Amino acid sequence: MTASGTRQVVVLEDGSVALEEHPLAPLGPGDALVRFVLSGVCGSDVHAAHGRHPWVPRPYRPGHELVGIVEELGSAA
């Protein structure tokens with residue numbers, strides 16, 4: 001997370017890897033802003049990145065095993 005947004009890795013259709021930047025969305029009442037400090041890459045991520053996962057087409061944003069710190073909570077969270 002940067003001061004103005006977030007960064008996200010994306011595996012593009014040709015298999016190359018890029019870094020995307022996205023602005024932070026306003027928090028809704030039930031939302032939480034979490035600063036991720038670690039993201040794991042598992043076997044299904046590797047298969048998807050190489051275009052060999054039957055249900056995950058590219059472009060693909062790997063990483064779903066996350067560790068983070070809650071930075072801010074919405075009013076009802």
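Biologist: Which strand gives the most to the lining of the largest pocket?
Modeller: That is strand 3, which contributes seven residues to the lining; strands are DSSP runs of E with at least two residues, helices are runs of H or I with at least four, and both are numbered from the N terminus. Bear in mind that this is a predicted model, in which local features need pLDDT of at least 70 and side-chain atom pairs count only at pLDDT 80 or more, while totals for chains, interfaces and linings use all residues. Residues are numbered from 1 along each chain as its sequence is written, and side-chain values use heavy atoms, with hydrogens and water left out.

Biologist: How much space is in the largest one, and how many residues line it?
Modeller: The largest pocket holds about 660 Å³, a volume being the space filled by probe spheres set on grid points that are joined across faces, edges and corners. Its lining consists of 24 residues, and those nearest the centre are Thr 6, Arg 7, Gln 8, Val 34 and Phe 36. Strand 1 (5-11), strand 2 and strand 3 (32-40) are the elements that each give two or more residues to this lining.

Biologist: What's the lining like by class?
Modeller: There are 15 nonpolar, five polar and four charged residues, where Ala, Val, Leu, Ile, Met, Phe, Trp, Tyr, Cys and Pro count as nonpolar, Asp, Glu, Lys and Arg as charged, and the others, Gly among them, as polar.

Biologist: Where is confidence lowest and where highest?
Modeller: In terms of pLDDT, the predictor's confidence in each residue from 0 to 100, the lowest mean is 88, in helix 1 (residues 43-49), and the highest is 94, in strand 2 (residues 17-23). The protein as a whole has a mean of 90, with 96% of its residues at 70 or more.

Biologist: Switching to Arg 61, where does it sit, and which side chains does it make polar contacts with?
Modeller: Arg 61 is in the loop between helix 1 and strand 4, and its side chain has a polar contact of 3.3 Å with that of Gln 8 and one of 3.1 Å with that of Glu 20. A polar contact is a pair of N or O atoms within 3.5 Å; within protein, one must be able to donate a hydrogen and the other to accept it, and residues adjacent in sequence count only if both atoms are side-chain atoms.

Biologist: Why is Arg 61 classed as partly exposed?
Modeller: Because its relative accessibility is 36%, which falls between buried (under 20% relative accessible area) and exposed (over 50%), using a 1.4 Å probe and protein chains only.

Biologist: And Glu 20, what else does that touch?
Modeller: Glu 20, in strand 2, is in contact (heavy atoms within 4.5 Å) with Thr 6, Arg 7, Gln 8, Val 10 and Arg 61, once residues up to four places away in sequence are set aside. The side chains of Glu 20 and His 22 also form a polar contact of 3.0 Å.

Biologist: Is Pro 23 buried or exposed?
Modeller: Pro 23 is exposed, at a relative accessible area of 68%, and it too belongs to strand 2. Apart from neighbours within four places in sequence, Pro 23 contacts Ser 4 and Gly 5.

Biologist: What about the peptide bond from Arg 58 to Pro 59?
Modeller: That bond is cis, with omega near 5°, and Pro 59 is placed in the loop between helix 1 and strand 4. His 53 lies in that loop as well, and its side chain reaches the backbone nitrogen of Val 56 at 3.5 Å.

Conventions:
On a 1 Å grid over the protein atoms alone, a cavity is a set of points where a 1.4 Å probe fits but cannot get out, and a pocket is an open set with protein on both sides within 12 Å along at least five of seven lines; lining residues have an atom within 4 Å of a point.
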